[in-house]
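Let's take a walk through this structure together.

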Amino acid sequence: MNKHNKHIKFVLDNEIVSIDFNKDPHLKSTTTLLKYLRLLPNHKGTKEGCAEGDCGACTVVLVELNNDNTLEYKAVNSCLVFLPMIHGKQVITVENLEESGKLHPIQKSFIENHASQCGFCTPGFVMSTFSVYKSGNLVTDTVIKDSLAGNLCRCTGYRPIFDAAKEAISDIKPDHFSNDEELTKNQLLEIKAEKGSILIEKGKQIYFLPFKLTEALDYKLKHSDAIIINGATDTALRVTKKNEFLPHIIDISHIDELKEIIDTKDSIIIGANLNLNDLRDLVALEFEALYDILNVFGSKQIRNLAGLGGNIASASPIGDTLPVLMAYNASVILLSAKGKREIRLEDFIIDYRKTSLADNEIIKSVRLPKTPNNLFVKAYKISKRKDLDISSVSAGFRVILKNNIVNEIALFFGGMAAKAVRAKNTEQFLHAKKWTLENIEAARRILFDEFKPLSDARAEAEGRKIMAANLLKQFWLDSIVK
Amino acid sequence: MNKQTVHESSEYHVSGKAIYIDDIAESPELLHAKVYASEIPAGVIKSFNLEKAKRLKGVKAVLSHKDIPGVNQMGPIFHDEPILSAGKLEFVGQAIFLVAAETEEIATEAISLIEIETEETDAIIRLEDAIENGELLHPVRKIECGSIEKAFDEAENIIEGRFHTGAQEHWYLETQISLAIPGEGKEMKVYCSTQHPSETQALVAESLGVMKHEVEVEIRRMGGAFGGKETQANHVAIWAALLANTTHKPVKLRLSRDEDQKMTGKRHPFLINFEAAFDNSGLIKAVDVTLNADSGYSSDLTMPIIERAMFHAENAYFIPNMRILGKAWKTNLPSNTAFRGFGGPQGMAGMENIIDKIARILNKDAAEIRYINFYRQKDNNLTPYGQIVENNRLHIIWDKIIKTSNYYKRREAVIFFNSNNTYKKRGLAISPVKFGISFTTAFLNQAGALVNIYKDGSVLVNHGGTEMGQGLHTKIQMIASAELGIDYKSIKVNATNTAKIPNTSATAASSGSDLNGMAVKDAIIKLKKRIADVISNHFRSENNSSCTANDILFENDYVIDKTKPENRLPFAEAIMIVYLERVSLSATGFYKTPGIFYNTEKGKGHPFYYYAFGMSVSEVEIDLITGHHEILRTDILHDAGKSINESLDIGQIEGGFVQGLGWVTSEECKWDEKGNLLNHSPDTYKIPSINDIPEDFRVNLLTGYPNPNTIRQSKAVGEPPFMLALSVWLAIKDAISSVANHKIEPEIDIPATHEKILIAIENIKALLNQ
Ligand SMILES: Cc1cc2nc3c(=O)[nH]c(=O)nc-3n(C[C@H](O)[C@H](O)[C@H](O)COP(=O)(O)OP(=O)(O)OC[C@H]3O[C@@H](n4cnc5c(N)ncnc54)[C@H](O)[C@@H]3O)c2cc1C
Ligand code: FES
Ligand code: FES
């Protein structure tokens, strides 16, 4: 145990910053990056608009050193990031974009395009744009909008912001970050070279940050009370919104083994912590339905942090990936210091926010069987707003037809019950029937009454029932054009 | 003037250097405040005990209503809003106690240690229930013209109905915030994100029981306001000041997003009952409309808001016989308040809904019904409240936008699309806006300014208006630059401060640059006269000129002798001469809008200085399966007079339109039966994001129609564009009604969420099958 480091290190303002939580009266391990930045005299440009990941005013860019020695620039919501999560990364805020009094091309473009009115959202938009700029790629309008959909502006109506971002991104030039690249890499390497996991004990709070899977599993075996976090996009809200005190945390976001994706002959195995942006791009061709869902999952900032593991372990009735993963017949691979097991996702989710995850286990990965040719899978999400919204109803469907007769069908829904559920009555009705509009219409009536959804802030029970029934029809329509 | 002049703060905005109140460097002494708010919608406080909270380490003050040194009252017009509840609880989120502590965490913990016993009584949450229970807050207002009884008797067709418009949360990015710093003696300086510093000052002074000159309120910029900081910023300022007064330490109070959404008021929900008579051509003969507003628990600005809704209940149409009733109903919710448009949107929505219904019955394109009912130029131009619609731009705008939007071709294309698609339907609609400019309360139409010129020729402009992103300071800077004939960069507009300009009105009613621009101009005219006197004298004695003060020109950073233009002095040099002559280089300015009056009893008068006009054409596509909609294209043509800054004006139009878009589509507030707001965070309250705006968005200003008698012939542009978004709602209705071949008017409220669209489709299908 004595190998553990007590401090975290990261790069800010071109310097390696070290935080020893026990020496700083203002900081705890669950202090968010946003709070920390706003305590500094020169980083108040990062704003708080919501403290829950929904407005993007707090957007900063985290730079990571990849294994291939390249730097990757990721926009994240600093209001959701606990300080230890930035260990080993560079933090770039809006103040860093200017260099010796000269504005960055993005900043100039925002001024010239009249992209700020009250200006409160502006630093966040600038930083989201910056992350695209640093990807170095010329991108489509859709990609720009996707990258800005996690930022809200109440003043401008977005048109000038889009124009500003587009103009800046259409002419990417090396900037001072390019010039400093070697310095940054060396700094990040220097931090990486420090061996040993990080253990922060302050007051009644313990925060453990391991770099190896075995360390995490051993720790979890000994401390079953410790909660796991990865992206913290669910967990941080317990602190920022509910003022909860989290006494014991294992942060597994720095474990590379949990971010791998393995392609075998008959399945792909997705690391539980692989971020959802990367996952989206990797599954675009082979698992289109999952791609469709990831496209409307949270925002770019959220997807940069979140993994499948968190979505599955939360077992929320509105977890967007659950119905689609179930439709693909996914299974979950679980590890503990004592061994490994694999369980079908459908069986893993037991009830409202309840899984069969044991105290000492973590989700290692998710297995998606490759789909046979005659299997048709689709997934849908209906929400009040297209982007960055939780679904009113979501669905993942699969069907195998033989001579236009239903040979196998599975219909999974989110938002219709306490957990992601399967419409068994409707499936039963359709089974061995002809795949015709007439039968679908009849099935829709069964489906309409199959669940008793809630009325809540997002939708009414009546509306949800209509949506669920309609999605079945959409599935049928999509299957016949295919 | 350069239309491309960018926002004066844009360089600070993009670099993170713009200082909002939360960014002001914190004193080590600073205390953080939290509010303990009611968890029940109605009831009484039986007892409370603050001792445990007070004893927590780091807590510096815990206050109840008993600790208020002045009056426990913060209602802006009517005195029906206690600062802290004195026993009666009227909504979830009502402030009861205040805490100041060394950190926010400690303050939050202290809140949880407060002990209180309450007794809950019956609450009225729904507007319908308030109406049923007769919970009127104020006497009914009425405007009437012609004879509706007679018109209904003689009518060829009559329709009636009712519909509901929802609450809208302001969702300024910067939540309510104040920083109160006690000075010596009774002094209190308050930095407050407020649209109305003078009122904030007055109410803080009254709550502290001190004279107003002890309180100074300052605001450099707000992170958005939209009406939400017209009165309700006062609350946070007063709470912070009370704590600062007790502790003698600076106190900052910033509402978290959830607190802000739960505790502050919204755009008033309206329930609109209507009856209309029209002939077979679609010409409207009479309208009888009742505007029922959900006030929340107190008056706040409800009455002027209802009044404005009534003034816009006929929108752009001449209705010869009309009766408009305005009713303010009391519910156990936070007091609803000003929001861009100030009742105008609700009033207009009622009228546009009537037009749609008429079109469906007569089987005509709603555009046609709109056009034939427009106010005309020489006749049919009298509003129900007796003001003539002068300088009517409706027909000019209509002619242009119908052409540029290709309306009739696209109508055909929409019909074609709909006949070829089962699961997607398109809709097209045009909607006009005629919006009255002025505060409808006459005495508010005044403004002050103070302009200082320093010895180096730099100019500091103070005025009573506040900067919330709309670019008011930029426009004022441009106005001052044009009036003084000096470079824009030599002019700075200061933070708004009650010590500099007293007794101002709120920056609201779109009047910011109209009023303050004129006041600044007035001050500059005084200064120019003084400078001209001295400098003409100077040219006469030094340059052998025979010029008089009237011959002095201010141009291109020079002060020039018109009679001999080679006689010229750089502005700064001229200023030095004036200084040495011991002439004051500081002047106040003042302006009041002429000719405004309104008699509430009679419902007649001339409440507006002028009208602003605009129109929009929107085309949408709805997905009948998911209820999602997309705005394929929106064209806007808007009248901003002779624009002072086209880019800023376009920014107001686009921004206002998109905010309106949120109101009519995705922004929905629901409360449970206990008065808890369900959509109290951006997680469930959805304002538009970048993918919700029109795919093809064409915004233009009407050019060639300057506005007589206003500052540089411009027009107010803050609020009117909000209502242009009604075209989106109308287009959605058009698309839904295509499901029944436009024979049935879909019943759909505002907002038309994806869910309500689906339900409307189901309803219309059910009617078809009957
Ligand atoms: C603004 C915003 C938008 C969002 N939008 C969506 C959306 O569109 N759709 C949607 O479904 N969700 C959404 N979410 C919820 C959240 O982002 C997802 O649930 C996400 O997948 C969580 O992943 P994470 O890594 O951040 O989880 P964390 O917060 O780190 O963890 C969540 C839970 O999972 C557990 N956990 C995480 N990883 C593992 C593991 N490997 N093994 C065992 N347990 C683990 C944790 O103990 C915790 O209980 C949104 C959240 C926010 C804040
Ligand atoms: S503050 Fe809104 S996303 Fe972080
Ligand atoms: S400029 Fe005000 S929120 Fe974007």
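Start with Ile229(A): its bridge partner in S9(A) is Asp251(A). Keep in mind as you look that this is a predicted model.

Four strands of chain A make an open sheet, ordered S6-S7-S9-S8, with mixed pairing. Strand S6 (198–202) and S8 of chain A sit at the edges with a single partner strand each, so one side of each has no neighbour in the sheet. On average, neighbouring strands here are turned by 20° against each other, ignoring direction. Now look for helix H8 (residues 213–222) of chain A: it lies across S6, S7, S8 and S9 of chain A, and runs at about 160° to S9(A).

Next, on to ligand 1. Which parts of chain A each supply at least two residues of its shell? They are strand S8 (227–229), helix H13 (308–314) and strand S16 (362–369). H13(A) gives the largest share, five residues. There are 35 residues around the ligand, and those that come nearest are Ile228(A), Asn230(A), Thr233(A), Asp234(A) and Asp320(A). Sorted by class, the shell has 16 nonpolar, 13 polar and six charged residues.

Backbone atoms get involved too. A backbone N or O atom of Asp320(A) lies 2.7 Å from an oxygen atom of ligand 1. For Thr235(A), the corresponding distance to a ligand oxygen is 2.9 Å, and for Gly307(A) it is 3.1 Å. On its own, ligand 1 has 970 Å² of accessible area, and the protein covers 92% of that.

Terms used: Residues are numbered from 1 along each chain as its sequence is written. Chains are lettered from A and ligands numbered from 1 in the order in which they are written. This is a predicted model: local features need pLDDT of at least 70, side-chain atom pairs count only at pLDDT 80 or more; totals for chains, interfaces and linings use all residues. Side-chain values use heavy atoms; hydrogens and water are left out. A residue is near a molecule or strand if one of its heavy atoms lies within 4 Å of it. A polar contact is a pair of N or O atoms within 3.5 Å; within protein, one must be able to donate a hydrogen and the other to accept it, and residues adjacent in sequence count only if both atoms are side-chain atoms. Accessible areas come from the Shrake-Rupley method with a 1.4 Å probe; for residues, only the protein chains shown count as cover. Ala, Val, Leu, Ile, Met, Phe, Trp, Tyr, Cys and Pro count as nonpolar, Asp, Glu, Lys and Arg as charged, and the others, Gly among them, as polar. Two strands pair if DSSP finds at least two bridges between them. Axes are lines fitted to C-alpha atoms, for helices over the stretch in contact, and angles run from 0 to 180 degrees between N-to-C directions. Contact means heavy atoms within 4.5 Å.
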